[in-house]
Amino acid sequence: MFQGRPNRDSEIILVGRSNVGKSTLMRRITGRSFKTGKKPGVTRKPNFYDSPKYNFLLTDLPGFGFMSGVETTYRETIKTDIVQYVESNSNSIMAAILVIDGNSAMEIIKRHFSRGDLPHDIDFYNFLIDLELPVIIAINKIDKITNLDATLDDISHSFGLPPPWKQWSDVIAPINAKKGEISPMISILQNLLHESKRDDLLQFFK
Ligand SMILES: Nc1nc2c(ncn2[C@@H]2O[C@H](COP(=O)(O)OP(=O)(O)OP(=O)(O)O)[C@@H](O)[C@H]2O)c(=O)[nH]1
Ligand SMILES: [Mg+2]
């Protein structure tokens, strides 16, 4: 189980496979520096952005799935830790941002389906929905996608959201975390916070 979580009543989490850009996004949102990297498995423990004043926490969780140089058993441990973290803090979690690498997602999803496996991203999405947590699917690295609308439709479809993806713009946010082009995700978060009567937290998502 991950240690060191500040005890706060409101939390937003960043989750997703390794190397999809969660920590890069965390940097963009907070303006603070968090370790990012070219290889998967950079974040091994949660990064917390803590606001005691607002009783609020933004959490960048370690990635699940493939990590270079990491043994399978350790990988499984991390996934279990993430699941336990989300389950035990689900009463405080206001939203989960599921970050996906838009450039490689479909290839990985198709490969898993063709083997008869449930892709990690979809498995995790279902897990979050089962906990009744609001989920934002942040499709990152859109700068690397050639046929954007078609790819977004495919990804949307694989999550059980029938195309066109644009009708799900309250769930799906195409972003480029590296360049800071994250306004579709910020808009969704702003709406969510407003609807939860937490306008006091809007200042963290400008
Ligand atoms: N082209 C492109 N690269 C990006 C984007 N966002 C992040 N990256 C790159 O993707 C790599 C991984 O980014 P991280 O933020 O470390 O990914 P992470 O999800 O935190 O990875 P773990 O900590 O291993 O789970 C880095 O080389 C980033 O610079 C993006 O929008 N476009
Ligand atoms: Mg990271």
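Biologist: What makes I12, I13, L14, I136, A138 and M185 contacts of I97?

Modeller: Two residues are in contact if their C-beta atoms, placed from the backbone, lie within 7 Å. Leaving aside neighbours within four places in sequence, those residues meet that test with I97. This is a predicted model: local features need pLDDT of at least 70, side-chain atom pairs count only at pLDDT 80 or more, and totals for chains, interfaces and linings use all residues. Residues are numbered from 1 along each chain as its sequence is written, with chains lettered from A and ligands numbered from 1 in the order in which they are written.

Biologist: Why are the 45 residues called a nonpolar core?

Modeller: Because such a core is a set of buried Ala, Val, Leu, Ile, Met, Phe, Trp, Tyr and Cys residues joined through C-beta atoms within 7 Å. Buried means that 20 or more other C-beta atoms lie within 10 Å of a residue's own, again placed from the backbone. In this largest core, I97, L98 and A138 touch the most other members. Strand β4 (residues 93-101) gives the most, six residues.

Biologist: What makes β2 and β6 edge strands?

Modeller: Strands are DSSP E runs of at least two residues, numbered from the N terminus. They pair if DSSP finds at least two bridges between them. β2 (47-51) and β6 (172-174) each pair on one side only. The open sheet runs β2-β3-β1-β4-β5-β6, with mixed pairing.

Biologist: How do you know that β4 and β5 pair?

Modeller: Six bridges link β4 to β5 (residues 135-140), in the parallel sense. At least two are required, so they pair. I100 stands opposite I139 in β5.

Terms used
Buried ≥ 20, exposed ≤ 12 C-beta atoms within 10 Å, placed from the backbone. Helix = DSSP H or I, 4+ residues; strand = E, 2+ residues; numbered from the N terminus.
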